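Subject: Structure for your review

Dear colleague,

Please find below the structure that I promised to pass on to you. My notes on what was found in it follow directly after.

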Amino acid sequence: MARTLMKGNEALAEAAIRGGCTHFFGYPITPQNEIPEYLARELPKHGGVYLQAESEVAAIHMVYGASASGGRVMTSSSSPGIALMQEGLSVIAAAQLPCVIVNVQRAGPGIGGIQPAQADYYQMTRGGGNGDYRIPSLAPATIQESVEMMHEAFEIAEHYRTPVYIVSDGMLGQMMEPVEFKKRKLRSAPKKDWAAVGHGGKREPLVVKTMSLVPEILEENNRKLQEKYRLIEESEYQYERFRTEQAEIVLVAYGSTSRIVKDSIELMAKAGIKAGLIRPRTLWPFPVQPFTRLKPFCKQIVCVEMNNGQMIDDVRLAVGDRFPVTFYGRTGGVIPTPAEISEHVKELLKRG
Amino acid sequence: MSGIFTKTRGLKEQVTHYCPGCTHGIIHRLVAEVLVELNVLGNTIGCASVGCSILSYNYLNVDMIESAHGRAPAVATGAKRVHPDKVVFTYQGDGDLASIGTAEIIHAAHRSENITVVFVNNAIYGMTGGQMAPTTLLGQKTTTAPEGRDASHCGSPLRISEMFAQIPGASYIARVSVHSPKQVRRARKAIKKAFEYQLKGRGFSMIEVLSTCPTGWGLSPIEALKWLDENMIPYYPLGVYKSLEDD
């Protein structure tokens with residue numbers, strides 16, 4: 001199929017339909033509105049259901065109900081809206097139900113602004129709801145990758161019975177790029193014999209639930225959840241390395257920031273600086289592996305984020321005390337330029 | 001020999017955890033009997049809510065989804081939109097429906113979501129130990145209104161059925177009680193009608209059932225039935241508040 005020029009948000013919505021999404025529940029918030037708008041128009045044409053909820057809180061519980069009864073469900077929102085969904089996400093994770101949540105990040109904290117940011121790294125990787133749970137977080141850097149990760153998100157969700165985040169941002173969602181929807185055979189989903197669909201008089205009634213008033217049973221449930229998370233950590237991490245083999249300076253960035261960093265690496269190369277990039281494609285599980293392979297001649301690792309330093313915690317955990325790790329970031333919706341990043345690195349090297 | 005009275009197969013073989021004299025058990029039975037009578041037991045998805053009745057899924061013989069506090073109407077919406085052909089209901093208390101879940105219940109009614117809501121109003125938070133609910137009567141003492149509910153401090157009790165009768169999307173709204181055999185029979189009829197409305201695709205139906213909480217009220221079971229009759233019914237009059245048939 002030929003490539004078409006599409007906005008990031010609309011491409012995600014189209015990819016959701018092609019990924020077999022049957023139900024979407026959401027609430028308007030900038031800068032993700034093109035997703036619900038596209039699905040309101042297109043999902044019914046494919047036999048699916050689009051429904052606008054009265055709030056993000058209601059939307060995520062509609063997602064929960066639809067998933068609990070066997071639907072292939074998603075929602076999308078942006079940072080403060082995702083914060084409102086945390087109650088439901090904790091329930092969905094605990095009930096082990098599949099669904100996909102797109103977060104087109106905007107600047108915070110509070111109501112913040114509508115320009116791009118990556119200040120939800122903690123929200124995307126540490127959970128915002130109560131209890132011990134994890135949510136796999138896929139972080140695309142291009143619109144093409146957004147489309148591919150949307151398919152993958154549904155597959156991971158159904159395979160592991162877990163909510164999955166697509167971590168986008170206002171830049172990636174609003175920009176246009178050529179995108180190709182490759183014909184892709186959907187991985188066959190496991191049978192949903194856990195879904196509440198009515199027992200039909202043929203089996204015992206089942207309950208989708210998360211409450212357990214017996215501490216030992218709840219602890220056992222938690223142990224099983226953690227077992228699943230260990231499996232996801234071992235199997236589902238993804239990353240890209242760019243010129244890290246010879247790099248004296250290794251930058252770490254994800255999503256749209258990683259593209260800016262790549263441009264800054266070109267600028268640095270012209271100035272004779274050997275810089276490389278490690279780009280996590282999954283934020284949780286965080287890809288520790290590329291950090292273990294860094295060569296001793298690497299002088300420093302610089303984490304670049306559109307926030308005040310969040311992913312840097314995971315980078316430090318991955319690196320330990322083997323290399324110094326520093327941070328460069330812009331916030332509030334300010335997007336760093338390749339020139340300012342390369343200037344920052346030059347200054348670091350001057351200081352030695 | 002045929003029995004003159006048997007347990008409905010709409011209920012599981014379980015002893016309930018409800019306090020002596022609590023009327024949740026009667027209401028469970030009515031819902032169960034109606035689902036059997038309408039022959040939809042195997043075709044039903046129930047949504048349990050937070051409060052004493054969260055464990056209703058241990059007693060009702062249907063597939064159920066446990067819902068977070070106040071969110072059962074949203075959960076039911078999700079399930080119904082996946083299975084428009086199935087019977088979907090919520091079973092919610094007054095703290096759940098009339099306080100923390102007001103947004104979800106009002107908008108489910110506004111969308112005329114084709115679900116049935118069994119709303120159990122006992123004018124108190126039972127599960128958490130007898131705190132004031134939006135439905136607590138003026139002057140009624142609770143653990144968080146030790147001197148009795150004072151309107152100037154925390155407003156007057158919320159009349160849910162009256163409020164929902166104003167919502168265009170609501171198809172059947174009735175308030176019933178289970179404090180006497182006569183009222184139990186009436187409640188059963190209303191609950192049946194609400195589910196029939198759903199089966200006919202008429203949209204949102206809700207039955208408010210006045211219920212006792214002897215433990216929370218500090219009364220014996222018999223005193224509690226009397227208290228309901230003398231105090232709740234004057235403020236919460238029984239009757240049909242909306243019926244599409246009447247339109």
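Predicted model: local features only at pLDDT ≥ 70, side-chain atom pairs only at ≥ 80, totals over all residues.

Residues are numbered from 1 along each chain as its sequence is written, and chains are lettered from A and ligands numbered from 1 in the order in which they are written.

**Chain A as a whole**

Chain A holds 13 helices and 15 strands, where helices (H or I, at least four residues) and strands (E, at least two) are DSSP runs numbered from the N terminus. Its C-alpha atoms fill a box of roughly 75 × 50 × 40 Å along the principal axes. The radius of gyration of chain A is 21 Å, which agrees with the value near 20 Å that a compact globule of 352 residues would have; the radius is taken over C-alpha atoms, and the globule rule is 2.2 Å times the number of residues to the power 0.38. Of the 352 residues in chain A, 52% are buried, a residue being buried if 20 or more other C-beta atoms lie within 10 Å of its own, exposed if 12 or fewer, and partly exposed in between, with C-beta atoms placed from the backbone.

**Two domains**

Chain A is divided into domain 1 (4–235) and domain 2 (240–351), with bounds that come from an automatic or database domain assignment. The C-alpha centres of the two domains of chain A lie 29 Å apart, and 25 residues of domain 1 are in contact with 22 residues of domain 2, contact meaning that the C-beta atoms of two residues, placed from the backbone, lie within 7 Å. On the side of domain 1 that touches domain 2, H6(A) gives the most, with four residues. By class, that side of domain 1 has 17 nonpolar, five polar and three charged residues; here Ala, Val, Leu, Ile, Met, Phe, Trp, Tyr, Cys and Pro count as nonpolar, Asp, Glu, Lys and Arg as charged, and the others, Gly among them, as polar.

**The five-stranded sheet**

To return to the strand of the opening question, S12(A) belongs to an open sheet of five strands with mixed pairing, in the order S10-S12-S11-S14-S15, where two strands pair if DSSP finds at least two bridges between them. The edge strands, S10 (239–242) and S15 (325–329) of chain A, each pair on one side only, and the twist averages 20° from one strand to the next.

S10(A) and S12(A) run antiparallel and are joined by four bridges, with A:Phe242 opposite A:Leu277. S11(A) and S12(A), by contrast, run parallel, again with four bridges. S14 (residues 300–305) of chain A is joined to S15(A) by five bridges, and these two strands run parallel; A:Val302 stands opposite A:Thr326 there.

Because six of the six residues of S12(A) are buried, the strand is largely enclosed by the rest of the structure. A:Ala275, A:Leu277 and A:Arg279 point one way from S12(A), whereas A:Gly276, A:Ile278 and A:Pro280 point the other way.

Helix H13 (residues 338–351) of chain A lies across S11, S12, S14 and S15 of chain A, running at about 150° to S14(A); axes are lines fitted to C-alpha atoms, for helices over the stretch in contact, and angles run from 0 to 180 degrees between N-to-C directions.

**Where chain B meets chain A**

In the interface between the chains, 29 residues of chain B are in contact with 34 residues of chain A. S1 (44–48), S2 (63–66), H2 (72–82) and H4 (102–110) of chain B each supply at least two residues of the side that touches chain A, and H2(B) gives the most, with eight residues. That side of chain B divides into 14 nonpolar, nine polar and six charged residues.

H2(B) is also mostly covered, with eleven of its eleven residues buried, among them B:Lys80 and B:Arg81. The bridge partner of A:Val207 in S2(B) is B:Met64.

With best regards
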